[in-house]
Amino acid sequence: MAAGQRIAQLREEIERHNHAYYMQDAPTIPDAEYDKLFRELQSLETQHPELQTPDSPTQRVGGKVLDGFAPVKHAVPMLSIRTETDTEASGAFNFDARVKNALETNSEIEYACELKFDGLAINLRYEHGVLVQAATRGDGETGEDVTQNIRTIHCIPLHLKDRSAAVLEVRGEVYMSRKDFNRYNEKQREKGLPTLVNPRNGAAGTIRQLDPKLSAQRPLSFFAYGLGEVQGWTLPDTHSGILDALQAFCLPVCDERAVVKGSQALADFHQQIATKRDALPFDIDGVVYKVNSRALQKQLGFVSREPRWAVAHKYPAEEQLTVLRDIEIQVGRTGKLTPVAKLEPVFVGGTTVSNATLHNEGEIRRKDVHIGDTVIVRRAGDVIPEVVGVVLERRPADARPFVMPTVCPVCGSHAVREEGEADARCSGGLFCAAQRKQAILHFASRRMMDIEGLGDKLVDQLVDENIIRSLPDLYRLDVATLENLDRMAEKSAQNIVAALEQSKHTTLNRFLFALGIRHVGETTAKDLARYFGKLDAIMQASTEQLLNVPDVGPVVAQSIVAFFAEAHNREVVQQLRDLGLRWDENEGTAHLVLPLTGKIFVLTGTLPTMSRDEAKAKLEALGAKVAGSVSKKTDCVVAGAEAGSKLEKAQTLNVLVWDEAALLTLLTNNGEGFAA
């Protein structure tokens, strides 16, 4: 292809991606892919200067001004800095060599080292210390007025501590922290709404919302890193001095910075930040080196659209393009069914990735992911790689949509998705091999069957060596089998067998809790046992009957019905009973109305004659619910010695407060006569 044709093609493609990113807040390719196209265009235009035109993407910094925002002419252009794409130490040496050559010196140069934040560049204009305007970079000469949106970022001061400067333009980066990004996306998923592609897009898209109220809903932060126009303020002699001064003005400046001398120190800084990159609370894609002396900066000047005295030294890209070959279902330890993308292997975030999470069926639909698509894969540090988007223009004709299975691919049990939840789950909790270890550990826990000595490492061995395939196999273990395992002597084996035997005599509520029925916790298990009295009654109960149990709502009721509807689960329960597990049963309270049914108590402090557990048990036996926190729905707080915040809240809400004596009177009267 002729150079002119390729240049035209590249310009068209880059402008298309610019439009998608800056105008529609919907990036179509990763930053690394965009940079590759940009560098190719730069190279071709350098080789063929006669083909350069003023409207080439290489002759401007960013996109056009959005029609919805007023234009802002920058008094001092907001130019970008050169990118050093050599991610190894030599990138630092290359920059230092260029600086020394330009200054015609062999002396060591002092540099200010900073982080290259992954967000949106912003110019804040303060007049006599008051924030009067905020603008995006735009094309470097003219940006967009986003003052109202910037005002929603709490870390940006509306006025400075020092108001002496007539004009002080502060330049920096608006970004979204990883924690805020993940929290925002999780809330969006719960609501079934679109998620953000990455923190950088989240920052850019938020600032360019036309409605400031929408911007305020997305948590953003800011770091200052430089200056624009300045009037009436004497600048420090160094760049690091400027940052120190801005910090003293109460502007946020990143602490991860240093002043060093020489190329080796630059390379060391690059490496030091690389080791802690994954632990940073925000995304970076490199570090920035700047000649620290402002006098030397002036001497070095600019070339084309970039200062000679600064460079961005990149790290390996955290986003790349690859082809999604297939989608498989991974069953987690708790039964969650997660679609996993099987990818054409790609090097991203410093490692080769061939699998990436797609989260759930809803995410696949929202991102419009098809098998065969070219997708954007993101991996940041130890975070599980994920597919964050699709390049629709590269979708092949034979791409096909994904269909979520209706049964668990491991055990064949029904896959269910409860109303309001994004994730599908396997309903064969006691039978499914993928959930085996989790089911056993839960079953053996202290507040369930309390099988002492049955911990993670032992369960791993028992399951990995195929000794235990389901819960009943626990009670078929003998000393001879156990003592042959690693780190298991005869005495330890005997203790395990004894603990298993002892656990056979339990209570109905403990057994129910131990089964691991979704949404059935310790309190709900007690409510079920108290109400029905017998396991068979619970297993046979309809949704309508379960809804009569105090505090059992539709979601819990449906979960219980679905659990016992699985033949696998009923078989496991029957085998456990056949192996000798037993508990006392009674007629339950389904036919009774207990005196304290529907009443909510809270216990706080130390009671004089009885423990809180004892008081709780006696109240629950009379039908009361004992909650852990005080609310307007609380009927009574029983306070002992050293009662704290719960007592204070009860008094604030005018909730009835008793001492132990009043409680004992109520218990003596079997709960009769209580009135909140």
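1. A residue is called buried if its relative accessible area is under 20%, exposed if the area is over 50%, and partly exposed in between, with a 1.4 Å probe and protein chains only. By this definition Phe-302 is partly exposed, with a relative accessible area of 47%, whereas Trp-309 counts as buried at 16% relative accessibility. Of the 676 residues of the chain, 50% count as buried.

2. The model under review is predicted, so local features need pLDDT of at least 70 and side-chain atom pairs count only at pLDDT 80 or more, while totals for chains, interfaces and linings use all residues. Residues are numbered from 1 along each chain as its sequence is written, and side-chain values use heavy atoms, with hydrogens and water left out.

3. The chain as a whole may be described next. It contains 24 helices and 26 strands; here helices (H or I, at least four residues) and strands (E, at least two) are DSSP runs, numbered from the N terminus. Along the principal axes, the C-alpha atoms fill a box of roughly 95 × 60 × 50 Å. A contact means heavy atoms within 4.5 Å. Among the contacts in the chain with a separation of 6 or more, 67% are between residues 24 or more positions apart.

4. Axes are lines fitted to C-alpha atoms, for helices over the stretch in contact, and angles run from 0 to 180 degrees between N-to-C directions.

5. A further strand pair deserves attention. Strand β18 (residues 374-378) is joined to β19 by 4 bridges, and the two run antiparallel. Ile-376 stands opposite Gly-389 in β19. Strand β19 (residues 386-390) is largely enclosed by the rest of the structure, because 5 of its 5 residues are buried.

6. Helix α12 (residues 436-444) is mostly covered, with 7 of its 9 residues buried. Among these buried residues are Arg-436, Lys-437 and Phe-443. The buried residues of α12 pack against α13 (456-464), α16 (508-514) and α21 (567-578).

7. The structure holds 17 aromatic pairs. Rings of Phe, Tyr and Trp (its six-membered ring) pair if their centres lie within 6.5 Å; planes under 30 degrees apart count as stacked, over 60 as edge-to-face and the rest as tilted. The rings of Phe-302 and Trp-309 have centres 6.4 Å apart and planes at 75 degrees, so this pair is edge-to-face. The rings of Phe-511 and Trp-583, by contrast, have centres 4.6 Å apart and planes at 25 degrees, so that pair is stacked. The latter pair links distant parts of the chain: Phe-511 belongs to helix α16 and Trp-583 to the loop between α21 and β23 (600-604), 72 residues apart. Phe-511 and Trp-583 are both buried.

8. The axes of helix α22 (residues 612-621) and helix α24 (residues 660-668) come within 11 Å and cross at roughly 35 degrees. The contact is made by Ala-615, Lys-618 and Leu-619 of α22 together with Leu-663, Leu-666 and Leu-667 of α24.

9. Pro-595 lies in the loop between α21 and β23 and is partly exposed, with a relative accessible area of 31%. Pro-595 and Glu-571 are 24 residues apart in sequence and 38 Å apart in space, C-alpha to C-alpha. Leaving aside its neighbours within four places in sequence, Pro-595 is in contact with Leu-622, Asn-670, Gly-671 and Glu-672.

Key. Pairing = 2+ DSSP bridges.
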